[in-house]
Amino acid sequence: MTPPCETPSPSGSLGRLLAERRALIGIVGLGYVGLPLALAALRAGFSVLGFDIDPGRVAALNRGEGTFHHIPGDGLRPALAAGTFAATGDMARLNEPDAVLICVPTPLTRHREPDLSYVEATARAVAAVLRPGQIVVLESTTYPGTTDEVMRPILEAGGLRSGHDFFLAYSPEREDPGNGEFDTARIPKVVGADDDAGRTLAEALYGALVVRTVPVSSAATAEAVKLTENIFRSVNIALVNELKLVYDAMGIDVWEVIQAAATKPFGFMPFQPGPGLGGHCIPIDPFYLAWKAREFDVPARFVELAGEVNTRMPYHVVERLAAAVDRTGRAFSGATVLVLGLAYKRNVEDTRESPALKLIRLIEARGARALYHDPLVPVVPATREHPEFAGRRSQPLTADTVRAVDAVLIATDHDGVDYRLVAEHARLVVDTRNVMARHELTGATIVKA
């Protein structure tokens with residue numbers, strides 16, 4: 001029992017709330033990262049108040065409806081009935097949670113520089129109602145220094161001090177949408193803070209949610225961990241994309257090479273080439289680090305080169321597509337192409353940074369017409385990069401649809417698509433994912449790109 005003359009410290013009070021599962025967890029951004037995190041917190045026994053600027057998403061979640069194909073709403077309904085979950089768009093309620101976890105987008109500008117407008121806007125909203133005893137954790141992918149250089153000054157502007165009155169940490173998200181093997185709770189969580197109290201509280205928070213926490217010495221270190229994880233993938237994907245071009249010139253199938261090389265039990269990790277990178281991290285992270293490195297007069301040549309190679313892949317694909325159409329005797333200008341798969345990866349509906357959208361733009365820039373089919377994306381959502389495509393609708397995948405186009409371009413290899421129908425009725429199939437070969441569908445009308 002605390003002696004009457006002692007005032008409990010903010011860190012001690014929050015630590016007890018976390019240990020006893022009595023802390024209210026606030027999650028800003030109920031998208032592909034925030035919603036799984038909310039479900040993990042609910043399963044751990046916490047109450048959750050979710051924040052999102054999309055009123056449609058807020059309303060759907062409050063009805064217990066899933067907003068993503070791979071994240072069913074079943075987990076929310078018992079919590080809604082018990083009163084342990086609610087979603088809101090009212091940022092004035094950010095003073096209610098004991099822990100505020102920020103899962104907002106960190107895209108690039110048109111000049112491929114970091115766009116922290118969502119992070120800054122959220123920090124200002126938190127700062128307006130920040131109270132002693134709260135912990136604020138940024139999860140959004142960003143460059144090293146963001147938590148200390150951007151978040152902390154905004155939050156401290158009202159007079160409260162980080163590490164004393166409130167607590168600040170960084171814990172990078174590690175979601176892999178559509179991966180049923182690793183849900184949020186089964187993925188170790190890196191946590192970093194610039195003071196012991198913040199780090200300890202972040203460990204206590206995430207230690208209750210996930211299988212294991214991995215503490216590091218600072219927020220900047222944790223930010224660098226996230227970039228390193230995704231740059232590792234970006235560089236290796238760029239390598240196999242470049243090898244695809246080299247081996248193609250030699251008449252060698254890069255997918256066959258990778259499959260054989262993957263039988264080596266050590267010293268090799270298979271990565272797959274594709275039509276370009278998509279998603280919320282890998283196409284963006286290399287440019288975040290390269291931009292920050294320039295502040296220190298340190299070139300990040302290897303990182304930038306990988307970004308350039310991956311950025312060029314949609315152009316290569318359209319060149320191969322146009323050449324293949326021309327060989328059929330039909331001029332590419334005026335041809336109709338069915339793009340199969342609009343999402344950036346298999347079996348999710350996420351179109352963020354999807355190379356399929358870039359492919360459609362490049363196809364139409366060359367005078368061809370582009371249709372698309374994606375069973376998970378019935379209507380193209382509004383995107384920052386391609387607002388002109390918003391509202392376009394997926395075409396049915398029927399024999400008549402396939403026969404009516406000059407080529408089918410496979411951009412995303414969703415399961416459940418009838419690839420045999422495509423092979424039987426298409427005049428030409430240009431496959432960027434090797435999915436036709438995986439289904440043992442071959443023939444003169446199928447071209448790899």
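Four aromatic pairs were counted in the predicted model, a pair being two rings of Phe, Tyr or Trp (its six-membered ring) with centres within 6.5 Å, stacked if the planes are under 30 degrees apart, edge-to-face if over 60 and tilted for the rest. Tyr143 and Tyr288 form a tilted pair, at 6.4 Å centre to centre and 35 degrees between the planes. This pair links distant parts of the chain, 145 residues apart: Tyr143 is in the loop between strand E5 (135-138) and helix H6 (146-156), and Tyr288 is in helix H10 (residues 285-295). Helices (H or I, at least four residues) and strands (E, at least two) are DSSP runs numbered from the N terminus. The rings of Tyr143 and Trp291 also form a tilted pair, with centres 5.0 Å apart and planes at 45 degrees. Because Tyr143 lies in the loop between E5 and H6 and Trp291 in helix H10, this pair ties together parts that are 148 residues apart in sequence. Tyr143, Tyr288 and Trp291 form one aromatic cluster.

Both Tyr143 and Tyr288 are buried, Tyr143 at 6% relative accessibility, whereas Trp291 is partly exposed at 28%. Buried denotes under 20% relative accessible area, exposed over 50% and partly exposed in between (1.4 Å probe, protein chains only).

Residues are numbered from 1 along each chain as its sequence is written. As the model is predicted, local features need pLDDT of at least 70 and side-chain atom pairs count only at pLDDT 80 or more, while totals for chains, interfaces and linings use all residues; side-chain values use heavy atoms, with hydrogens and water left out.

The charged end of Lys189 is 4.5 Å from the ring centre of Tyr206, and that of Arg312 is 4.0 Å from the ring centre of Tyr315.

His373, in strand E10 (residues 369-373), is buried, with a relative accessible area of 11%. Its side chain reaches the backbone oxygen of Gln395 at 2.7 Å. Not counting residues up to four places away in sequence, His373 touches Leu338, Val339, Leu340, Gly341, Ser394, Gln395, Pro396 and Leu397, where contact means heavy atoms within 4.5 Å.

Notes. A charge sits over a ring if NZ of Lys or CZ of Arg is within 6 Å of the ring centre and within 35 degrees of the ring normal. A polar contact is a pair of N or O atoms within 3.5 Å; within protein, one must be able to donate a hydrogen and the other to accept it, and residues adjacent in sequence count only if both atoms are side-chain atoms.
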